[in-house]
Amino acid sequence: MHNPLDVITIGEAMAMFVATETGDLADAGHFIKRAAGAELNVATGLARLGFNVSWVSRVGDDSFGRFILDTLRKEGIDTAGVTIDKRYATGFQLKSKADDGTDPIVEYFRKNSAASHLSPEDFNAAMFNDARHLHMSGVAAALSPTSYALLEHAAKAMKAQGKTLSFDPNLRPVLWKSEEEMVEKLNRLAFQADWVLPGLKEGVILTGEQTPEGIADFYLQRGVKAVVIKTGADGAWFKTASGEQGAVAPVIVQNVVDTVGAGDGFAVGVLSALLEGKTLSDAVRRGNAIGALAIQVPGDSEGLPTRAQLGSL
């Protein structure tokens, strides 16, 4: 029996090599291999919670590409939307080990990767028609003009069918020609979404507003239904088009291992709860809880819980 898709997302995954000892990456001699990518992290977290998820991308015809496809299958993520591109390689990255709570150093090797050649040709109408929610990220938007065009096309198609959309800015300024282009294009996608999930610093850059409420109002006035802003040590703050708003306290973590992936964990919590019909305040609480789990492990997705583990939080 066919199970309709709950969520579809689009993005790039890379092989990630995480140093096992602290210090300069140049001195690191041992690494652990993982799969990494903002949209893949969200797909992984939602799949572990029992959602039927598909991830759309391109990988090279190489060992890294096979590794990523194997990772997807192990997580129960649908791979029908992944193209094996024989012309270009799968990207990879190196990540330092930080044990003092600071952000690790990440070096990317992704230029001209297979995923950067995503385009509207990768839009499978039947697959997108089958999904009830589209999650977009600013990382995929930044990969290339053709990848951005795919996101824009998918967003318009899903919105026209009355499906829900979410957008996490995930700013990557180094991948854009200018900050002005980044702001204009990411906001164009954000305005298509029902739920927008920026960090506070991201919101300031994208809107020019300095407060959570100002950032939220910027998007709400342009058709977005709810804005959830990650406010760091203060937790999160949300506001809806109907005027509901509030702050949600953070989950205190005593031992921060790796901050990368916290925002993706937060997105998993918020989106999963909203797709289950829970209130926005409950969704943000779950987002804070899963984001807290994500920063207590060295990889990007190791801390994302199963449904059973979520129940014990």
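Reader: Where does Leu-72 lie?
Author: Leu-72 is part of helix H2. Helices (H or I, at least four residues) and strands (E, at least two) are DSSP runs, numbered from the N terminus. This is a predicted model, in which local features need pLDDT of at least 70, side-chain atom pairs count only at pLDDT 80 or more, and totals for chains, interfaces and linings use all residues. Residues are numbered from 1 along each chain as its sequence is written, and side-chain values use heavy atoms, with hydrogens and water left out.

Reader: Is Leu-72 buried or exposed?
Author: Leu-72 counts as buried because its relative accessibility is 1%. Buried means under 20% relative accessible area, exposed over 50%, and partly exposed in between (1.4 Å probe, protein chains only).

Reader: What does Leu-72 touch?
Author: Setting aside residues up to four places away in sequence, Leu-72 touches Leu-40, Trp-55, Ile-77, Thr-79 and Val-82. Contact means heavy atoms within 4.5 Å.

Reader: And which residues does Trp-55 touch?
Author: With residues up to four places away in sequence not counted, the list for Trp-55 includes Thr-9, Gly-11, Glu-39, Leu-40, Ile-68, Leu-72 and Val-82.

Reader: Which residues have the most contacts inside the largest nonpolar core?
Author: Those are Trp-55, Leu-72 and Val-284, in a core of 42 residues. A nonpolar core is a set of buried Ala, Val, Leu, Ile, Met, Phe, Trp, Tyr and Cys residues joined through side-chain atoms within 4.5 Å.

Reader: Which elements give two or more residues to this core?
Author: The strands are E2 (14-22), E4 (53-60), E11 (226-230) and E12 (236-240), and the helices are H1 (38-48), H2 (63-75), H9 (262-275) and H10 (280-294). H9 gives the most, with eight residues. There is also a second, separate core of 41 residues, which includes Phe-123, Met-127, Ala-154 and Leu-186.

Reader: Why do nonpolar side chains end up like that?
Author: In soluble globular proteins, nonpolar side chains tend to be buried together.

Reader: New topic. Where is Asp-168?
Author: Asp-168 is in strand E9. Asp-168 is buried, with a relative accessible area of 2%.

Reader: What does Asp-168 touch?
Author: Leaving out residues up to four places away in sequence, its contacts include His-135, Ser-137, Glu-202, Lys-230 and Ala-267.

Reader: What about Glu-152, buried or exposed?
Author: Glu-152 counts as buried, at 18% relative accessibility. Glu-152 lies in helix H5 (residues 145-160), and touches Arg-188 and Leu-189, not counting residues up to four places away in sequence. Glu-152 and Arg-188 are 36 residues apart in sequence and 8.5 Å apart in space, C-alpha to C-alpha.

Reader: Where is Arg-307?
Author: Arg-307 is in helix H11 (residues 307-311). Arg-307 is partly exposed, at a relative accessible area of 34%.

Reader: How many residues separate Arg-307 and Phe-51 in sequence?
Author: They are 256 residues apart in sequence, and 9.9 Å apart in space from C-alpha to C-alpha. Arg-307 is in contact with Phe-51, and also with Arg-48, Leu-49, Glu-276 and Arg-286, leaving aside neighbours within four places in sequence.

Reader: Which residues of helix H8 are buried?
Author: In H8 (residues 212-220), they are Gly-214, Ile-215, Ala-216, Phe-218, Tyr-219 and Leu-220. Their cover includes H6, strand E10 (195-196), helix H7 (200-207), E11 and E12.

Reader: Now the whole chain. How many helices and strands are there?
Author: The protein chain has eleven helices and 13 strands. Buried residues make up 55% of its 313 residues.
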